[in-house]
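This report describes selected features of a structural model. The sequence and coordinates are shown first, and the description follows.

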Amino acid sequence: MKAMADIPTTTHLEIRALCRAFGDVGALATINLAVVEGEFLALLGPSGCGKTTLLRCIAGLLDPTEGDILIDGQSIVRVPVHRRGLGMVFQSYALFPHMNVVNNIRFGLKMHKVPSSEADQRIADAIDLVQLRGYEQRLPGQLSGGQQQRVALARALVTRPSVLLLDEPFGALDAKLRQSMQIELRRLQRRLKMTMIFVTHDQAEALSMADRIAVMRAGRIEQLDTPTRIYDMPATAFVADFIGQMNRFTGRIIGRSNGHALLAVADLPAPLKARDNPSLAVGDEALAMIRPERIQLKRGSDGDGMLEGVTSDAIFNGERLNVLVQTGAGSVSVALPNVGVDITRAAAAVGQPAAISWESNDLLLFPA
Amino acid sequence: MSKLPPALTVYIVIMALFLVAPIVVVVIAAFTSGDFITFPPQSFSVRWFDKVLSDPEFISPLWNSVRLGATATIVASALAVPAAMALVRGNVRRRRLIESLLLAPLSLPTIILAVGLLFFTAQIGLGASFTSLVIGHVVIVIPYVLRTVLGVYMSANHEAEDAAKVLGANPLQAFWHVTLPTIWPGILAGGIFAFLMSFDEVAVSILLSNTDTTPLPVSILSYLVYNYDPSVAAISTIQIAIVILVLLILERVFGIRNVMFASR
């Protein structure tokens with residue numbers, strides 16, 4: 001999906017063993033991270049996981065307790081924030097309320113002493129880039145949220161930063177606008193080939209925009225990978241749970257057979273076959289997870305499903321039908337894509353017996 | 001305008017009577033042509049204005065008061081602004097304690113402060129000088145500036161300062177281009193209060209002034225001890241006129257109503 005081949009593999013920004021003590025929330029514990037030239041990297045995690053702390057350390061607005069940050073191989077931790085030459089877009093936009101659009105965008109150029117003829121040209125280009133022609137003389141208070149967002153973006157881009165940092169840039173926008181701004185930013189990023197790091201707690205945003213995602217939890221990076229791999233092959237139970245929906249079973253590993261692990265689940269007559277996880281030994285307690293859309297549902301109980309049960313609920317949300325099946329191993333959520341047929345029939349089957357099955361490789365195992 | 005309930009109307013009328021009526025009486029009485037303050041005056045003239053405006057006994061205290069008020073306001077602002085910034089943004093220990101300490105002169109009887117300052121300034125060799133007066137007034141008016149600046153600064157978006165720094169502004173530039181314009185209404189509103197408080201202050205002024213630095217309220221008080229002619233009414237009217245003029249100019253230039261309400 002993402003054009004990874006276009007991205008040169010030279011490291012642009014590198015973070016080495018970065019720590020920051022900061023009470024309990026927002027602390028960082030030994031972060032290592034390498035961002036390549038032109039990459040669009042998402043820092044994703046629940047609030048308090050340290051993603052904003054990390055971003056502010058890169059910007060220079062916070063000092064790390066230990067560790068190093070390098071851009072193009074040069075350490076910048078000792079460089080004060082105003083000499084780092086980075087760009088940043090804040091969740092609150094942080095526009096200067098007493099300056100109009102042009103003067104907001106001009107601010108960085110003025111600080112960098114760009115000659116005014118060149119500055120005027122660059123401001124005009126930036127205004128075109130974010131499609132704000134006609135709004136030059138407005139004050140931030142006279143603009144809509146989306147327009148303010150674009151001014152913030154133009155203001156950050158006009159100084160041609162080596163890396164653009166975005167802190168929950170779309171957090172304050174409504175869903176529709178958020179989506180169109182996401183597409184716009186993504187297009188812009190590809191066009192400018194600018195290295196961007198953006199912080200978000202919205203997994204859908206991270207999945208749809210980023211070249212790679214760093215999933216963070218309690219000051220650590222749990223997994224750093226492409227969106228598809230994060231979604232399909234989560235490294236830990238936390239990542240699996242945080243991104244998308246998961247059904248969970250707990251049990252014990254009782255054996256292995258041709259590449260699969262066998263998981264005994266209480267109240268189930270037969271063990272479940274699952275994708276093997278080498279970090280688990282036979283006899284270990286384990287957590288098995290499967291995504292609702294990887295499960296097939298059959299009406300009736302003709303005996304060839306892996307689990308049998310009774311449908312207890314069906315919730316239609318347009319693009320899919322979510323069916324809850326009560327089985328011996330608990331309640332299992334099944335997502336059926338709305339491809340037109342059978343949806344209404346399946347929805348009508350609440351209270352009827354049903355059988356569910358899946359590919360063994362889709363059932364993922366994690367240490368409990 | 002909507003109709004006010006009767007109780008509120010009565011309340012407003014009483015308030016206005018007690019607040020405004022004495023001022024109106026003084027102003028009108030100042031225009032008498034007689035030798036004593038009478039109300040209403042039998043005939044009108046500006047002879048008492050002529051008298052006080054040519055009398056160094058009033059003119060130099062008036063100048064002292066303006067000078068003192070302006071200096072105290074500027075010094076207090078210069079101290080209150082960094083204090084407010086540190087209290088809001090800085091990682092300050094015992095934040096509340098420091099804040100209450102700086103605001104304490106609001107609740108402390110000024111006469112106690114004045115007596116303390118009298119001994120203190122005598123002890124450090126300043127004595128009753130203009131500098132001592134400024135110090136005393138600064139202590140008294142700091143809370144007014146601090147409170148309004150704190151209010152504005154706390155509700156301001158602090159990310160704007162961060163944005164300025166990331167865009168290449170050094171700390172001084174960030175303050176000048178972003179912080180100062182943001183808190184300016186607070187400084188202005190607090191500064192107006194501060195100036196008016198200083199202009200009107202008696203306790204510290206009495207104890208810390210000497211014959212050359214007597215501020216106007218002190219000279220009015222001492223004049224009243226031996227005289228009952230309308231000079232006092234005239235100089236008071238001039239004082240009121242100065243205050244109203246200051247407020248009018250600020251209203252014209254900065255929109256004082258916005259400033260006062262924005263700073264809450």
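## Antiparallel sheet of chain A

Strand 15 of chain A is joined to strand 19 (residues 353–358) of chain A by 5 bridges, and the two run antiparallel. Here strands (E, at least two residues) and helices (H or I, at least four) are DSSP runs numbered from the N terminus, and two strands pair if DSSP finds at least two bridges between them. Within this pairing, Lys298(A) stands opposite Ala355(A) in strand 19 of chain A.

Both strands belong to an open sheet of 5 strands in chain A, ordered 15-19-16-17-18, with antiparallel pairing. Strand 15 (295–299) and strand 18 (330–337) of chain A each have a single partner strand and stand at the edges, so one side of each lacks a neighbour in the sheet. From one strand to the next the twist averages 40 degrees; axes are lines fitted to C-alpha atoms, for helices over the stretch in contact, with angles from 0 to 180 degrees between N-to-C directions.

## Basis of the model

The model is predicted: local features need pLDDT of at least 70 and side-chain atom pairs count only at pLDDT 80 or more, whereas totals for chains, interfaces and linings use all residues. Residues are numbered from 1 along each chain as its sequence is written, while chains are lettered from A and ligands numbered from 1 in the order in which they are written.

## Mixed sheet of chain A

Another open sheet of chain A has 6 strands in the order 6-7-8-3-9-10, with mixed pairing. Its edges are strand 6 (87–89) and strand 10 (220–225) of chain A, each with a single partner strand, so one side of each is left without a neighbour in the sheet. Neighbouring strands are turned by 20 degrees against each other on average, direction ignored.

Strand 7 (residues 163–167) and strand 8 (residues 195–200) of chain A pair in the parallel sense over 5 bridges. Leu165(A) stands opposite Ile197(A) in strand 8 of chain A.

## Contact between the chains

In chain B, 15 residues are in contact (C-beta atoms, placed from the backbone, within 7 Å) with 17 residues of chain A. Helix 7 (159–166) and helix 8 (171–200) of chain B each supply at least two residues of the side that touches chain A. Helix 7 of chain B gives the most, with 7 residues.

Technical notes:
Contact = placed C-beta atoms within 7 Å.
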